[in-house]
Amino acid sequence: EAVAQAQCISCHGSSYEGGVGPSLVATELDQAGIEEIIANGKGAMPGGLVEEENIPAMAEWILTLE
């Protein structure tokens with residue numbers, strides 16, 4: 001969550017329910033889909049915001065958001 005606070009809230013909102021970027025809460029993406037977007041970016045979101053070794057844990061954490 002600390003990485004998300006530093007890297008994600010400016011676009012995905014303080015509660016991760018969307019802003020400039022889409023909501024991360026209750027996403028329909030699966031683990032692999034989330035990891036792909038974190039690693040490579042999508043739309044205006046650049047890849048590389050999360051260190052490669054932390055991507056699986058970040059994706060797992062996103063999947064817990066409700």
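H12 is buried, at a relative accessible area of 10% (buried means under 20%, exposed over 50% and partly exposed in between, using a 1.4 Å probe and protein chains only). The model is predicted, so local features need pLDDT of at least 70 and side-chain atom pairs count only at pLDDT 80 or more, while totals for chains, interfaces and linings use all residues. Residues are numbered from 1 along each chain as its sequence is written, and side-chain values use heavy atoms, with hydrogens and water left out.

H12 sits in helix 2 (residues 9–12); helices (H or I, at least four residues) and strands (E, at least two) are DSSP runs, numbered from the N terminus. Leaving aside residues up to four places away in sequence, H12 touches E17, G18, G19, G21, P22, L24 and M45, where contact means heavy atoms within 4.5 Å.

H12 also turns up at the largest pocket: of the 22 lining residues, the closest to the pocket's centre are H12, P22, L24, I37 and M45. A pocket is an open set of points on a 1 Å grid over the protein atoms alone, with protein on both sides within 12 Å along at least five of seven lines, and lining residues have an atom within 4 Å of a point. This pocket holds about 550 Å³ of space, the volume being the space filled by probe spheres set on points joined across faces, edges and corners. Helix 2, helix 3, strand 2 (45–46) and helix 4 each bring at least two residues to the lining, and helix 3 gives the most, with three.

Y16 is buried at 4% relative accessibility, and W61 is buried at 18%. The count of aromatic pairs comes to one (rings of Phe, Tyr and Trp, the last by its six-membered ring, pair if their centres lie within 6.5 Å; planes under 30 degrees apart are stacked, over 60 edge-to-face and the rest tilted). The ring centres of Y16 and W61 are 5.1 Å apart with planes at 90°, so this pair is edge-to-face. Because Y16 lies in the loop between helix 2 and helix 3 and W61 in helix 4, the pair ties together parts 45 residues apart in sequence.

Definitions and conventions:
On a 1 Å grid over the protein atoms alone, a cavity is a set of points where a 1.4 Å probe fits but cannot get out, and a pocket is an open set with protein on both sides within 12 Å along at least five of seven lines; lining residues have an atom within 4 Å of a point.
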